[in-house]
Amino acid sequence: MGTVCVIGAGKMGSMIVRSIVKTGDYRVVATDVDPSRRMLVKSYGAEVFESNRDAVKSSNVIILAVKPKDVPVVVTDIKDLISGKLVISIAAAVPLNRMESIAPDARFIRVMPNILIEAGEAFIAICPGSRATEEDFETAVRIFGRMGEVAKIDENLMDVLTGFSGSGPAYVFTIMDAFADAGVKIGLPKELALRIAARMMLGSAKMVLEGKGRPMELRDMVATPGGTTIMGIYELEKGGLRALIMNAVEAAVKRARELSESFS
Ligand SMILES: NC(=O)c1ccc[n+]([C@@H]2O[C@H](COP(=O)([O-])OP(=O)(O)OC[C@H]3O[C@@H](n4cnc5c(N)ncnc54)[C@H](OP(=O)(O)O)[C@@H]3O)[C@@H](O)[C@H]2O)c1
């Protein structure tokens, strides 16, 4: 059995550790500068190290789950130990060629997941670097395929995906909470309203993913002529909901591009 090392056991790193441990496909080692984060991933079944170098030594695959600003620092620190190894970075904004220039003998892959890996329902973009082999790509698919749907994506779309699917769950949670507040406004208890809102979003997503229809076809099945639903939809359209969502995603992508430029 191979060993996967997760460097950075923060929000994403700890979820990744938990997912890989659960599959039993790999031995998992993890590091973090924060002892409480190390304790957390230890409780998930990872072997923990204080030193990144010690953790990397006994690993075949390294996953970088630190903040973008820490990626060059970490790669520089371990560069002699990752020679000939596969390194998968989940960091936003840090281009493959930046990491490849620091560690010319390592093979890099960039991955853009989102926090829905916790539910096994993320969309995970995988972008192999110039030295990554087909086998490396398959390794990334094997690891991240358990966390949701994976797709091979060109690096020039990584910033777009960072602002779209990387940040996406935050938009959806905001919309879900707005529904819960709407429920409260019309007299429902908040917890009940939240459960209903979450079910509506889960069920609607399932119908689209299962091919029951495109969103607007399904919407038209609910909105009968002169009925209640179309009155609500009119208010959504009048308020510019679609434009608002388009602007939000565009703003996030703009920020992702700015961050990327700072690493180029
Ligand atoms: N959060 C998301 O929804 C999301 C989605 C897609 C991709 N990402 C990417 O995932 C990466 C991690 O994000 P996150 O939200 O999980 O961040 P996070 O919660 O801050 O986790 C990063 C962890 O790494 C630790 N760390 C810092 N320097 C380290 C070092 N040299 N060695 C070992 N550990 C170190 C941090 O400790 P300190 O806090 O003490 O520095 C922190 O516990 C980022 O690059 C981000 O772009 C995040």
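Visitor: Which residue in β8 is the bridge partner of Ala125?

Guide: Happy to start there, with a reminder that this is a predicted model, in which local features need pLDDT of at least 70, side-chain atom pairs count only at pLDDT 80 or more, and totals for chains, interfaces and linings use all residues. Residues are numbered from 1 along each chain as its sequence is written. Strand β7 (residues 122-128) and β8 pair in the parallel sense over 5 bridges; strands are DSSP runs of E, at least two residues long, and helices are runs of H or I, at least four, both numbered from the N terminus. Within β8, the bridge partner of Ala125 is Ala151.

Visitor: In what order do the 8 strands of the open sheet run?

Guide: Two strands pair if DSSP finds at least two bridges between them. The edge strands, each pairing on one side only, are β3 (47-49) and β8 (148-152). The pairing in this open sheet is mixed, and the order is β3-β2-β1-β4-β5-β6-β7-β8.

Visitor: What angle does the direction of helix α7 make with that of β6?

Guide: Axes here are lines fitted to C-alpha atoms, for helices over the stretch in contact, and angles run from 0 to 180 degrees between N-to-C directions. Contact means that C-beta atoms, placed from the backbone, lie within 7 Å. Helix α7 (residues 158-166) packs on the sheet and touches β6 (107-112) and β7, and its direction makes with that of β6 an angle of about 40°.

Visitor: How far apart are the centres of domain 1 and domain 2?

Guide: The chain is divided into domain 1 (3-157) and domain 2 (168-259), with bounds from an automatic or database domain assignment. Their contact takes 6 residues from domain 1 and 4 residues from domain 2. Taken over C-alpha atoms, the separation of the centres is 33 Å.

Visitor: Which helix gives the largest share of the shell around the ligand?

Guide: The ligand is surrounded by 27 residues, the closest being Gly8, Gly10, Met12, Ala91 and Ala92; a residue is near if its C-beta atom, placed from the backbone, lies within 6 Å. By class, the shell has 14 nonpolar, 7 polar and 6 charged residues, where Ala, Val, Leu, Ile, Met, Phe, Trp, Tyr, Cys and Pro count as nonpolar, Asp, Glu, Lys and Arg as charged, and the others, Gly among them, as polar. The largest share, 3 residues, comes from residues 11-23, helix α1.

How values were computed: Two residues are in contact if their C-beta atoms, placed from the backbone, lie within 7 Å.
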